[in-house]
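Here is a protein model to read with some care.

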Amino acid sequence: MAIAHLLALPLLAQAHRSFLVPSSTVLSPTAHQWVSVDAARGNDLFFFNHNALPLEGLQIISPAGAAVEPAKLERFRYKAVFEWQLTAPGTWRAAVVNDGLRVQWQDNGQPKRWNGPAADFAQSVPANAENLSVNEVASRVETFVTMGKPSPLALSGKGLEVRYDTHPNDLVKGEPATLTFLQDGQPAPKLNVSIHPGAARYRDGTQQMNLVTDEQGRLQIHWPSAGLYWISAATKVAATFPQAKQKTLSYAATLEVLP
């Protein structure tokens with residue numbers, strides 16, 4: 001696999017982090033269970049100090065693999081909020097998935113930007129754009145909620161994903177968890193992965209962990225404490241869009257580790 005992996009930490013340190021924070025990650029299997037999710041981008045994890053995360057690519061997937069529409073979705077200045085009712089036991093996935101272009105150019109010396117799907121490029125960017133810069137981006141930001149017994153999670157086989165060999169709603173302080181990172185359905189070896197515990201603003205240090213996947217794309221995490229964690233990784237691959245210089249794949253997830 002001739003792929004140049006990008007060191008995730010410097011890339012993510014330069015940008016605001018995107019995250020989803022569910023009101024609960026584990027629920028008892030009773031009727032009328034609801035989950036609300038905060039979606040934001042910020043410098044501090046799980047604090048709302050920059051702006052709301054755009055939700056055009058929102059997906060809510062039931063344990064049976066069916067797509068579900070949110071019952072309510074509101075966008076505020078610092079966060080967006082959506083909610084849905086868990087109508088079946090098992091594990092539900094909430095994800096914001098995007099695959100498109102980030103474009104910059106100049107018009108009479110003035111900088112212009114456009115983000116959107118590749119299919120809209122021709123009608124959105126002038127054919128004679130000056131200093132044109134096109135980058136492909138495929139990103140996934142997700143979290144998981146289980147009602148009752150955890151259930152398997154399907155993968156799309158596209159972009160950067162994680163196969164949770166240890167279920168994401170069965171993480172416990174002091175117990176190791178195994179994750180396998182996949183790129184377009186294949187193991188992603190030697191991938192740099194960052195793991196950040198939340199509430200860093202209340203600690204002297206970030207307690208960030210930096211790990212590297214093995215040849216099978218796997219890594220093992222030993223959770224030092226209970227709480228919310230944000231895991232992230234990114235890599236650059238060859239572009240598939242003709243005008244693009246490269247394609248960036250990124251993954252981020254919010255996980256809860258129980259005591």
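Q: How many nonpolar, polar and charged residues are in the lining of the second largest pocket?
A: The lining holds 13 nonpolar, eleven polar and seven charged residues, where Ala, Val, Leu, Ile, Met, Phe, Trp, Tyr, Cys and Pro count as nonpolar, Asp, Glu, Lys and Arg as charged, and the others, Gly among them, as polar. The model is a predicted one, in which local features need pLDDT of at least 70 and side-chain atom pairs count only at pLDDT 80 or more, while totals for chains, interfaces and linings use all residues. Residues are numbered from 1 along each chain as its sequence is written, and side-chain values use heavy atoms, with hydrogens and water left out.

Q: What makes a residue part of a pocket lining?
A: On a 1 Å grid over the protein atoms alone, a pocket is an open set of points where a 1.4 Å probe fits, with protein on both sides within 12 Å along at least five of seven lines, and a lining residue has an atom within 4 Å of a point. By that rule 31 residues line the second largest pocket, and Val97, Arg140, Ser156, Lys158 and Glu161 lie nearest its centre. Strand 8 (90–107) is among the elements that give two or more residues to this lining, and its share, five residues, is the largest.

Q: Why is Asp38 called buried?
A: Asp38 has a relative accessible area of 18%, and buried means under 20%, exposed over 50% and partly exposed in between (1.4 Å probe, protein chains only), so Asp38 counts as buried. Lys79, with a relative accessible area of 24%, is partly exposed.

Q: How do you know that Asp38 forms a salt bridge with Lys79?
A: A salt bridge needs a side-chain nitrogen of Lys or Arg within 4 Å of a carboxyl oxygen of Asp or Glu, and the closest N and O atoms of Asp38 and Lys79 are 3.4 Å apart. Asp38 lies in strand 3 (residues 33–42) and Lys79 in the loop between strand 6 (72–75) and strand 7 (80–86), so the pair ties together parts that are 41 residues apart in sequence.

Q: What makes Arg163 and Asp165 partly exposed?
A: Arg163 has a relative accessibility of 37% and Asp165 one of 39%, and both values fall between the two cut-offs. Their side chains also meet in a salt bridge, at 2.9 Å from N to O.

Q: Why is the contact between the side chains of Arg140 and Glu142 called polar?
A: A polar contact is a pair of N or O atoms within 3.5 Å, where within protein one must be able to donate a hydrogen and the other to accept it, and residues adjacent in sequence count only if both atoms are side-chain atoms. The side chains of Arg140 and Glu142 make such a contact at 3.2 Å. Arg140 is buried, with a relative accessible area of 8%, and salt bridges that share partners join Arg93, Arg140, Glu142 and Glu161 into one network.

Methods:
Helix = DSSP H or I, 4+ residues; strand = E, 2+ residues; numbered from the N terminus.
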